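User: I'd like a close look at one part of this protein, the aromatic side chains and the packing around them. Could you walk me through it in one go?

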Amino acid sequence: MNPVLTLDQEFAQITKYYSPRVVALANGQYVKLAKMKGEFVRHNHEKEDEFFFVLKGTFCLRYDDGSEAVMTAGQCHVTPRGVWHHPYAPEEAWVMFVEPAETLHTGTVDSPLTKSVESQTATLVQEG
């Protein structure tokens, strides 16, 4: 049986912004938590949608067409595959996102902020 997780405890383990922590694997999808603050890398994911759910703060996604998705606690949004997006948070935000396990952190963009799958899954507890 997989462990019961307490999200506040999981978020307490996150010490760097935009450094996702995989907390669960379900049906080939990673459930990730991240603290966000400030600007992140404009990027896209050619083959994967991304689901974002905000638990605390304000989290925004700017799109190349000039639109923005602005989410606060309790709100969610899906960025469709292939769509360029530029994440930012004007204040610290706690975000849960769900995406296929093969999704690269910064999609098709290589950046100093890019985190490997190994670093994101380092603390994942799996029963086996």
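Is Trp94 buried or exposed?

Analyst: Happy to. Keep in mind that this is a predicted model. Trp94 is buried, because its relative accessible area is 15% and the cut-off for buried is under 20%.

In one of them, Phe11 and Trp94 are stacked, with 4.5 Å from centre to centre and 15° between the planes. This pair brings together distant parts of the chain, since Phe11 belongs to helix α1 (residues 7–12) and Trp94 to strand β7 (residues 85–100), 83 residues apart. Phe11 is buried too, because its relative accessibility is 0%.

Other rings gather elsewhere: Phe52, Phe59 and Phe97 are linked into a cluster by ring pairs. There is also a charge over a ring, as Arg62 lies over the face of Tyr88, 3.7 Å from the ring centre.

Now for the nonpolar packing. In soluble globular proteins, nonpolar side chains tend to be buried together. Here the largest nonpolar core has 16 residues, and the members that touch the most others are Met36, Phe52, Phe59, Leu61 and Val95. At least two residues each come from β2 (29–39), β3 (50–56), β4 (58–63), β5 (68–72) and β7. Strand β7 gives the largest share, four residues. Another core, of seven residues, lies apart from this one, and Trp94 is in it along with Val23, Val31 and Met96, among others.

Beyond its neighbours within four places in sequence, Leu61 is in contact with Phe52, Ser67, Glu68, Ala69, Met71, His77, Thr79, His85, His86 and Pro87.

Strand β1 (residues 21–26) runs antiparallel to β2, and five bridges join them. Two residues sit between these strands, and in this hairpin Asn27 has a positive phi near 55°.

Finally, a word on the cysteines. A disulfide is a covalent bond between the sulfur atoms of two cysteines. The structure has zero disulfides. Cys60 is buried, because its relative accessibility is 3%, while Cys76 counts as partly exposed because its value is 46%.

How values were computed: Residues are numbered from 1 along each chain as its sequence is written. This is a predicted model: local features need pLDDT of at least 70, side-chain atom pairs count only at pLDDT 80 or more; totals for chains, interfaces and linings use all residues. Side-chain values use heavy atoms; hydrogens and water are left out. Rings of Phe, Tyr and Trp (its six-membered ring) pair if their centres lie within 6.5 Å; planes under 30 degrees apart count as stacked, over 60 as edge-to-face and the rest as tilted. Buried means under 20% relative accessible area, exposed over 50%, partly exposed in between (1.4 Å probe, protein chains only). A charge sits over a ring if NZ of Lys or CZ of Arg is within 6 Å of the ring centre and within 35 degrees of the ring normal. A disulfide is a pair of cysteine sulfur atoms within 2.5 Å. A nonpolar core is a set of buried Ala, Val, Leu, Ile, Met, Phe, Trp, Tyr and Cys residues joined through side-chain atoms within 4.5 Å. Contact means heavy atoms within 4.5 Å. Two strands pair if DSSP finds at least two bridges between them.
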